[in-house]
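Here is a briefing on one protein chain. Look at the structure, then read the points below.

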Amino acid sequence: MPPSPALPLRVLSGIQPSGQLHIGNYFGSIRPNLSYQGKAEQSFFFVADLHAMTTVQDGNALRRAREDIILDYLACGFDPATSVLYFQSQVPEHTELMWILSTLTPMGLLERAVSYKEKVEKGIAASAGLFTYPVLMAADILLYQANLVPVGRDQKQHLEITRDLAIKFNNAFGDTFTVPEPLIREDVAVVPGVDGQKMSKSYGNTIPLFGDEKAAKKAIMGIVTDSKGMNDAKDPETCIIYQIHKLFLDAAGQKALADEYRNGLPYGEGKKKLLQAYSDFFGPMRAKREAFAAKPDLVRQITEEGAAKAKRVAEETMRKVRKAVGLL
Ligand code: ADP
Ligand code: TRP
């Protein structure tokens, strides 16, 4: 549940720079996050580069991924006039608060974290950083007294840990933190990949958001279909091409396309239409991305100004925290 409308909305969201973004990230995360711009009293968007270090252990790769994701955000419509954009590592208070929270964090709470177990099962090294990932995430959120955190279903447990830690701290040291409400994007259906499973960089089934347009074309033309004949009636509900294409359309457009499939639209034609929709939709964003990429000083200025604004809020919270725990 979102907080009561009487409360000024303070929205916060983070995204890890851990690989090229795909259209599942766009429709499932970036677009819904950016939709709060202008509606919230304040919105904070940050690049979780410290979190990404739990999986990206190559300095050049991290540097590239950090730069890419800032350009992605700007291309997708981030507005520096109404929101704050920064790198987590630019505000050292994140790690300071993480330490303080970790002294209150029961081991059992982290041992129950599903995402840790899943990552280790996938072969990611079981470091102390990976284990304490949720504590850093709690610090990310509590530092800004955010009351609304839009996340995908996979992050629900991390939000519960954040709430537990905020309540525990407030009980132990007096009212310090806003207890945040998660906004789970149940409404944003999972975007399928070209093979029909959830689109994910770990499954190699993505349609990239930006990058080489030829790769996107190849991915779209390679979408898996069943063996129905060219002009046979197709079921839009089981057709992966339609399930992806509908993300680009309004209700009337979806209905019209579904009817075309029912009337025997050949899969090859459907793929061409999807490719056109993809180019029309992301083309202007691609152009915007290139324009920002050509102005590195402007991009740096946006994140530096963002970090300075974020730091002011973070410092205010940390003053309260240090005082409460006895460090001031
Ligand atoms: P990936 O699965 O490719 O590793 P991440 O876990 O880094 O993606 O996801 C970053 C954000 O994008 C998360 O908020 C997640 O909920 C969202 N997201 C990722 N894949 C999808 C998808 N297929 N459909 C909808 N949202 C997605
Ligand atoms: N763990 C989140 C993810 O993998 C990223 C993240 C880090 C985050 N800190 C956050 C999201 C704070 C919301 C709020 O998607």
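A polar contact is a pair of N or O atoms within 3.5 Å; within protein, one must be able to donate a hydrogen and the other to accept it, and residues adjacent in sequence count only if both atoms are side-chain atoms. By that rule, two residue pairs are in polar contact across the interface of domain 1 and domain 2, both at pLDDT 80 or more. This is a predicted model: local features need pLDDT of at least 70, side-chain atom pairs count only at pLDDT 80 or more, and totals for chains, interfaces and linings use all residues. Residues are numbered from 1 along each chain as its sequence is written, and side-chain values use heavy atoms, with hydrogens and water left out.

**The two domains**
- Domain 1 covers 10–190 + 296–325, and domain 2 covers 210–291; the bounds come from an automatic or database domain assignment.
- Their C-alpha centres lie 33 Å apart.

**Where they meet**
- In contact (heavy atoms within 4.5 Å) are 12 residues of domain 1 and 11 residues of domain 2.
- Two salt bridges are counted between the domains; each is a side-chain nitrogen of Lys or Arg within 4 Å of a carboxyl oxygen of Asp or Glu.
- Arg289 and Asp68 form a salt bridge through their side chains, at 3.4 Å from N to O.

**Around Ser13**
- Ser13 counts as buried because its relative accessibility is 5%; buried means under 20% relative accessible area, exposed over 50%, partly exposed in between (1.4 Å probe, protein chains only).

Conventions. Chains lettered and ligands numbered in written order.
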